[in-house]
Amino acid sequence: MTTTCRLEKISPANFDVATGLRVRPDQEHLVAPVVKSLAEAYVHPGTAWPRLILDGDRPVGFLMAYFDIDFAGNGKGTDIRSGLWRLNIAAGEQGRGYGRFAVECVAAEIRRRRGGTRLTTTWHPGEGGPEGFYLGLGFLSTGETSGDQTVGELKLL
């Protein structure tokens with residue numbers, strides 16, 4: 001990874017590039033395609049924060065964060081969280097630090113927007129999944145599940 005990494009808002013100019021990003025074939029069952037994430041961002045405009053990950057001008061991944069959702073989903077608003085909703089690093093770009101960069105960017109945005117102290121994400125457990133990646137960054141399993149996914153949190157300092 002170079003030091004020219006940046007996030008870019010999804011726009012008509014980069015939409016095709018963003019939706020063309022693909023993870024490795026053996027990972028496709030672990031994360032939704034970018035086009036689905038963008039559809040979800042469209043119907044959750046106040047919550048979703050989709051961004052293209054660029055290294056210089058080269059697209060290397062996609063992330064979508066969320067802010068201030070009722071994580072319990074019970075309408076009581078007692079469990080409000082922000083975090084990483086999706087992370088897709090292009091097949092040929094994995095293992096170069098772009099995932100770490102993405103998580104750091106989401107953490108910085110949570111701190112900036114909300115003064116948040118935790119970043120929540122979910123992952124599919126099991127072989128070939130991203131659990132090792134998230135645990136290696138300091139995420140800890142909360143013991144919860146969301147659907148069939150493990151819920152993890154990273155404490156933000």
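Rings of Phe, Tyr and Trp (for Trp the six-membered ring) are taken to pair if their centres lie within 6.5 Å, the pair being stacked with planes under 30 degrees apart, edge-to-face with planes over 60 degrees apart, and tilted for the rest. The model is predicted, so that local features need pLDDT of at least 70 and side-chain atom pairs count only at pLDDT 80 or more, whereas totals for chains, interfaces and linings use all residues. Residues are numbered from 1 along each chain as its sequence is written, and side-chain values use heavy atoms, with hydrogens and water left out.

**View 1. Aromatic cluster of Trp-123, Phe-133, Tyr-134 and Phe-139.** Ring pairs link these four residues, Trp-123, Phe-133, Tyr-134 and Phe-139, into a cluster. Within it, Tyr-134 and Phe-139 form an edge-to-face pair, with 5.3 Å from centre to centre and 80 degrees between the planes. Tyr-134 and Phe-139 are both buried, a term for residues under 20% relative accessible area, while exposed stands for over 50% and partly exposed for values in between (1.4 Å probe, protein chains only).

**View 2. The ring pair of Trp-49 and Phe-67.** The count of aromatic pairs comes to four. In the pair shown here, the ring centres of Trp-49 and Phe-67 are 5.9 Å apart and the planes stand at 70 degrees, which is why the pair is edge-to-face. The pair links distant parts of the chain, since Trp-49 belongs to strand β2 (residues 48-55) and Phe-67 to strand β3 (residues 58-70), 18 residues apart; helices (H or I, at least four residues) and strands (E, at least two) are DSSP runs numbered from the N terminus. Trp-49 counts as buried at 9% relative accessibility, and Phe-67 is buried with a relative accessible area of 2%. Arg-113 lies over the face of Phe-67, at 4.1 Å from the ring centre, where a charge sits over a ring if NZ of Lys or CZ of Arg is within 6 Å of the ring centre and within 35 degrees of the ring normal.

**View 3. Strands β3 and β4.** β3 and β4 pair in the antiparallel sense over eight bridges, and strand pairing requires that DSSP finds at least two bridges between two strands. Tyr-66 stands opposite Gly-83 in β4, and eight of the ten residues of β4 are buried. Asp-68, placed in strand β3, has a positive phi of about 55 degrees although it is not a glycine. Most residues other than glycine have a negative phi. Asp-68 is partly exposed, with a relative accessible area of 38%.

View 4. About 980 Å³ of space lies in the largest pocket; on a 1 Å grid over the protein atoms alone, a pocket is an open set of points where a 1.4 Å probe fits, with protein on both sides within 12 Å along at least five of seven lines, and lining residues have an atom within 4 Å of a point. Grid points are joined across faces, edges and corners, and the volume is the space filled by probe spheres set on the points. Of the 37 lining residues, those closest to the centre of the largest pocket are Val-31, Arg-86, Leu-87, Thr-122 and Tyr-134. The largest share of the lining, six residues, comes from β4.
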